[in-house]
Amino acid sequence: MDISSRASAYLRIYDEQLRARPMPGRTAEKIGPMLRTVSNGHGQGALTYRDLGGLDGAELDAFIARQRDFFTRIGREVEWKYHGDDLPVDLPERLTAAGFEAQERETILVGEVAELTGAAEPAGGVRLREVSGRADLERIREMEETVWDADHGWLPDMLERDIAGPGDPCVVVVAEVEDQVVCAAWMRCHEGTDFVSLWGGSTLKEWRGRGIYRATVSYRARLAVDRGFRLVRVDASDASRPILTRLGLEAIATTTPYVWVPPAV
């Protein structure tokens with residue numbers, strides 16, 4: 001299979017199995033062609049769909065406004081996950097006109113998880129291990145706040161909830177040097193599908209360029225194979241995309257989060 005046909009096949013499977021799949025621990029409601037998801041507790045909502053069923057013009061503008069107003073009423077941020085081939089073609093402009101703000105574009109990469117399991121050892125002195133306890137999740141929060149210079153107080157609760165389940169088990173991995181977390185990454189196993197998805201991977205600045213992120217990919221891939229999954233999906237930033245494409249993952253689509261932040265939040 002050449003690259004283009006392989007990517008096309010992956011896109012079809014992704015659309016069928018993951019595109020509008022609700023995440024565990026969230027309340028999901030079907031609203032017209034869309035799945036509207038609200039986190040149980042604190043956290044950002046999500047608006048996802050396979051397609052908008054032909055919505056356009058004033059009807060689409062009204063639909064967008066209703067979703068915005070719903071999340072304004074409950075006082076939550078919400079992300080409308082726009083895929084680059086979504087119709088109508090002026091959807092980004094319509095979202096912007098309704099007050100949604102575009103975030104950094106990402107690329108969806110998909111590949112065979114077994115192809116990622118090859119030995120990839122991090123720099124000397126770095127060890128990888130699975131974690132689930134609250135103390136380790138708080139250490140991950142501290143590392144993420146150092147990397148991003150932003151509050152991540154929501155992260156331990158989210159990871160703790162997703163580890164506990166039910167549904168789509170989450171596995172969290174840290175890279176440590178002695179008692180310091182230098183990188184953290186997690187994997188969601190999407191039960192009833194071919195897929196696992198990889199998330200996180202933030203690394204302290206002084207530890208970048210040493211193969212740590214790549215090692216977390218291989219570590220999680222081995223766990224996925226052991227659990228019987230075939231495909232891996234990553235929403236890749238521009239920083240991680242080159243690493244993952246060198247490992248054999250295929251770009252199948254681009255996504256841009258459009259985020260609405262209620263005035264009171």
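Guide: The account below turns to one residue, Asp-90, and then to the protein around it. This is a predicted model, in which local features need pLDDT of at least 70, side-chain atom pairs count only at pLDDT 80 or more, and totals for chains, interfaces and linings use all residues. Residues are numbered from 1 along each chain as its sequence is written, and side-chain values use heavy atoms, with hydrogens and water left out.

Asp-90 sits in the loop that joins strand 4 (78-83) to helix 3 (91-97); helices (H or I, at least four residues) and strands (E, at least two) are DSSP runs numbered from the N terminus. Its relative accessibility is 25%, so Asp-90 counts as partly exposed, a class that lies between buried (under 20% relative accessible area) and exposed (over 50%), with a 1.4 Å probe and protein chains only. Asp-136 lies 46 residues from Asp-90 along the chain, and 44 Å separates their C-alpha atoms.

As for the setting, the protein contains 7 helices and 12 strands. Its radius of gyration, taken over C-alpha atoms, is 19 Å, close to the 18 Å that the globule rule (2.2 Å times the number of residues to the power 0.38) gives for 265 residues, so the protein is as compact as a globular protein of that length. Its C-alpha atoms fill a box of roughly 60 × 50 × 35 Å along the principal axes. Of the 265 residues, 49% are buried. Among contacts (heavy atoms within 4.5 Å) with a separation of 6 or more, 72% join residues 24 or more positions apart.
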